[in-house]
Amino acid sequence: MIRVVVYLPDGSPGLGCLGEAELDVVDAAAAELVLPEVTVSDERGGQLLDDGLVFDPAAGGGPLAGQVANRQARAFGVVNVAFHTQRALRYAADLLGHGVPHLIVRIGMHDQPRRWRGGHYRLPDPVDDEPVRVHPDGEVHLGGGAAFVHSAAGRYFHAPAHNAAIVCHEVGHHLTRHTADFRLNRLRPPTDQISGKTGIDEGTADVFAAIMLGHPDIYGWHRAHIPESDQRRRKLDRRWTMAAFRGGRDHDQHADGTVWASACWSARQRVVAAGWPPSRFDAMLLRGLERFDRDNRPGGSLLNGTAERTQADALRPRRHFSRLLAGMTATDPELAPAVLAAMAEHGIRIGASNSKLRDAAQNGGAR
């Protein structure tokens, strides 16, 4: 175990508090850390890491910082990502009883022709234009940063590697890929998978991020300028219901995912209020993802050019919130009544499609 300095979750929507932690490291190179669960590399290269792994976040570094400060900020980002990814994957493995495939995280992606301050989870998808060959088990790509976040603490360059909310959200996608597998990628050729996410995938990644951060305003630091009443803020304790669900390929899947994530957060709070530890709900969610996959597998195969219509028919039910809810409650019947009651307040019930739940909510149900 190696001593590091990272941003530790402090129950607020900020970056967290700067503090010491320990990291289980297998190997370190100039701009790369290899851990048992994840390999984190800064794709911009350079000699970032030295004998120790303690660095100054330097307010995110960025184009206005000097060379020394920017190097410190980049090195801090590698360590911070490694810590939060390892912590998240080990927590999930503890609840699932097993790990998931090794994850690769690349920092500094897509900085040309303009800088990028986002993150995404990628699989080998012919539709995507990625500058690297993506590993079949999945990769997280983080931008090098762009623009500044202004707060009472001062100006901070928005480097995604410093933002645990972005990191944990993308790790959440790695977990869904290897549990629920919402797009049935395991039935596709390894180099011909689908990276695009559905609302249920985005929502599950959001609630997983909230679990790891310990608060529901997961993007409150870098989206503080967005009103809490706007779904783009993705604040989970706003009690979004199926009345706000839109559906369809042309709609923002993140916004629809906020409905699912908000309902999950309410259910988690209900579980805690009933006297159970929050980890009991977390286990139900993660084990429910695996149960969902087992209960909703198609009878055939999607390999070797199966008809597009057959693929669509197999994928459609894997978008439904009610099916994941059924899988979750089946894994922990004692917890089921509390979770079902909380979900019902958001208009989510077992046995109906997303569109039927939306119509019921808009016609006088949960709002």
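Analyst: Among the elements that line the second largest cavity, α2 contributes the most, three residues; helices here are DSSP runs of H or I with at least four residues, and strands are runs of E with at least two, numbered from the N terminus. The model is predicted, so local features need pLDDT of at least 70 and side-chain atom pairs count only at pLDDT 80 or more, while totals for chains, interfaces and linings use all residues. Residues are numbered from 1 along each chain as its sequence is written, and side-chain values use heavy atoms, with hydrogens and water left out.

The second largest cavity holds about 90 Å³. A cavity is a set of points on a 1 Å grid over the protein atoms alone where a 1.4 Å probe fits but cannot get out; a pocket is an open set with protein on both sides within 12 Å along at least five of seven lines; and lining residues have an atom within 4 Å of a point. Grid points are joined across faces, edges and corners, and a volume is the space filled by probe spheres set on the points. Of the 14 lining residues of this cavity, L123, R177, R183, N185 and D201 lie nearest its centre. Four are nonpolar, five polar and five charged, where Ala, Val, Leu, Ile, Met, Phe, Trp, Tyr, Cys and Pro count as nonpolar, Asp, Glu, Lys and Arg as charged, and the others, Gly among them, as polar.

Three cavities reach 30 Å³ or more. The largest cavity has about 110 Å³, and its 16 lining residues include G14, L15, G16, A164 and L213, the closest to its centre. Its lining has nine nonpolar, six polar and one charged residues.

R183 also belongs to the second largest pocket, where R183, R249, L315, R316 and R319 are the closest to the centre among 23 lining residues. That pocket has about 550 Å³. Helices α3 (199-213), α4 (253-273), α6 (308-315) and α9 (354-362) each supply at least two residues of its lining, and α6 gives the largest share, four residues.

The axes of α3 and α4, lines fitted to C-alpha atoms over the stretch in contact with angles from 0 to 180 degrees between N-to-C directions, come within 7 Å and cross at roughly 45°. That makes α3 oblique to α4, because angles under 35 degrees count as roughly parallel, over 145 as roughly antiparallel, 65 to 115 as roughly perpendicular and the rest as oblique.
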